[in-house]
Amino acid sequence: MSVTVVRLCRDVLREDFGPVVERVGTILVKKGRLPLNQIKVLAKVSLRQVRESLLILIQHHLVYHADTGETGATFTYYEANVDEILARLRIGLIINSANEWFGKEGGVIIRLLLSRGMLRLKDLRVELELDKGKINKSVLFTKIFTQMARGRYIRAITPLDKISPTDRHISEQAKEIEQFKSPPTAQELAALKRVREEKEVAEINSSVIPGMKRKLTDADTGPNKKMNLDAEAVEEVDQDVYWKINYEQFNLKLRNKSIIRFVDDRINKGAAAVMKAAFTVVEDRMRQCKEEKSVVMSATLITHNLPSEINLQNDIIMDIEGSNFKPTQQQLTNELLDLLCNDHVKFMTKEDERGSGQYRINLEKIAEALKIRLVESVVSEKFGSVSARLMRILMSKQKLDEKQVGSFYKLIEKLLSDLTQ
């Protein structure tokens with residue numbers, strides 16, 4: 001684990017939970033998977049303090065724990081969930097986003113989940129005393145909680161959440177190897193690993209939301225009446241399921257908004273509107289920030305998701321003979337999509353020519369460009385615009401000696417002066 005990551009985790013734990021929990025958590029971040037006694041020795045605190053600290057960290061999903069049999073005895077090993085710790089750095093932005101997207105009720109729900117670690121819907125009612133107050137308020141909070149669950153902004157806690165991905169893979173691999181009468185070959189192990197990965201991807205992309213249950217809404221389905229097969233079934237939150245903040249979904253939505261702003265800054269508002277419409281088409285099928293590309297979408301579908309008040313004609317110059325010709329919204333969208341594909345960043349890629357064209361959002365390339373942009377802004381703020389320009393030259397050309405850097409810099413200065421004249 002890098003020194004920077006350890007420091008960040010330490011600061012987050014101290015800010016949120018105090019010095020004792022910070023000491024226990026930092027040891028796990030530094031050293032990795034450890035049993036209780038080793039944590040006590042390394043943290044230099046009492047056994048009681050270690051247990052209480054681990055209880056707090058497990059409650060907030062910041063530590064995994066798993067039982068492992070060694071030398072005939074069972075040991076419980078603890079491991080820090082570094083991704084979940086670092087995600088708390090953005091909690092202010094997440095609360096603000098919940099207020100913006102779901103109203104003040106959404107912000108209250110996120111704050112309670114942050115302070116409690118996990119929460120059931122009936123616990124929310126007790127905490128806010130909704131059953132004693134107005135019925136409308138209780139209905140509103142239940143509606144917002146259900147919307148956040150359906151949108152995957154909060155997710156149900158399962159027994160597998162307490163086990164680290166490493167322990168989970170070791171356990172699954174051990175069960176799979178037991179089925180072989182002889183030790184498996186390298187090819188068989190690779191095939192088992194591939195099957196596990198495909199299963200994980202299928203679970204992530206599944207449309208089924210854990211923690212939701214189906215309820216029939218037809219009035220003719222009472223206890224003394226015959227079941228109506230045409231009754232409408234809707235999903236509602238299971239009252240007995242615990243829920244937690246799904247940082248991945250918030251990060252995904254905030255990343256998409258950053259990409260739209262990036263397109264606006266780099267190209268124009270019309271291209272940003274087209275990119276926003278593209279995200280509207282595919283956002284419901286996005287599950288993780290590490291996806292390299294979005295699913296395929298058609299240019300026609302993107303056009304249909306553009307707001308009616310958007311006028312793209314002022315944002316693209318079309319080489320058309322005759323001044324009386326007025327391009328359609330679809331033609332303007334196609335031109336802006338080609339502009340997004342041909343830009344240096346490669347915001348989108350064209351997959352097929354069918355219909356008006358099939359496109360994907362190139363998330364991997366955009367993420368690289370956003371990282372470079374962030375580094376450039378930090379360098380510019382700390383060392384000035386000249387340093388940022390020199391760094392940009394080195395990043396584009398990779399390796400240059402001092403004379404070459406000077407030549408490129410003079411050339412860029414000349415081009416900029418010609419453009420301003």
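Which residues gather in a patch of negative charge on the surface? They are Glu 197, Glu 198, Glu 200 and Glu 203.

## Basis

The model is predicted: local features need pLDDT of at least 70, side-chain atom pairs count only at pLDDT 80 or more, and totals for chains, interfaces and linings use all residues. Residues are numbered from 1 along each chain as its sequence is written, and side-chain values use heavy atoms, with hydrogens and water left out.

## Charged patch

Patch members have over 30% relative accessible area and no salt bridge, and like charges are joined within 9 Å. Glu 200 lies in helix α10 (residues 186–204); helices are DSSP runs of H or I with at least four residues, strands runs of E with at least two. At a relative accessible area of 32%, Glu 200 is partly exposed (buried is under 20%, exposed over 50%, partly exposed in between; 1.4 Å probe, protein chains only).

## Salt bridges

The whole structure holds 16 salt bridges (a side-chain nitrogen of Lys or Arg within 4 Å of a carboxyl oxygen of Asp or Glu). Arg 373 and Asp 265 form one, with closest N and O atoms 2.7 Å apart. This pair links helix α15 (residues 363–383) to helix α11 (residues 247–266) across 108 residues.

Arg 266 meets Asp 343 at 2.8 Å, N to O. Arg 266 is in helix α11, and Asp 343 is in the loop between α14 (329–342) and β9. Asp 343 is buried at 15% relative accessibility, while Arg 266 is partly exposed at 39%.

## Hairpin

Strands β9 (residues 348–352) and β10 (residues 358–361) pair in the antiparallel sense over four bridges (pairing requires at least two DSSP bridges). Met 348 has Ile 361 in β10 as its bridge partner. Five residues separate the strands of this hairpin, and Gly 355 in the turn has a positive phi of about 60 degrees.

Notes:
Patches are made of residues with over 30% relative accessible area and no salt bridge: like charges are joined within 9 Å, nonpolar side chains (Val, Leu, Ile, Met, Phe, Trp, Tyr) within 5 Å. Accessible areas come from the Shrake-Rupley method with a 1.4 Å probe; for residues, only the protein chains shown count as cover. Lys and Arg count as positive and Asp and Glu as negative; His and the chain ends are not counted. The place of a charge is taken as NZ of Lys, CZ of Arg, CG of Asp or CD of Glu.
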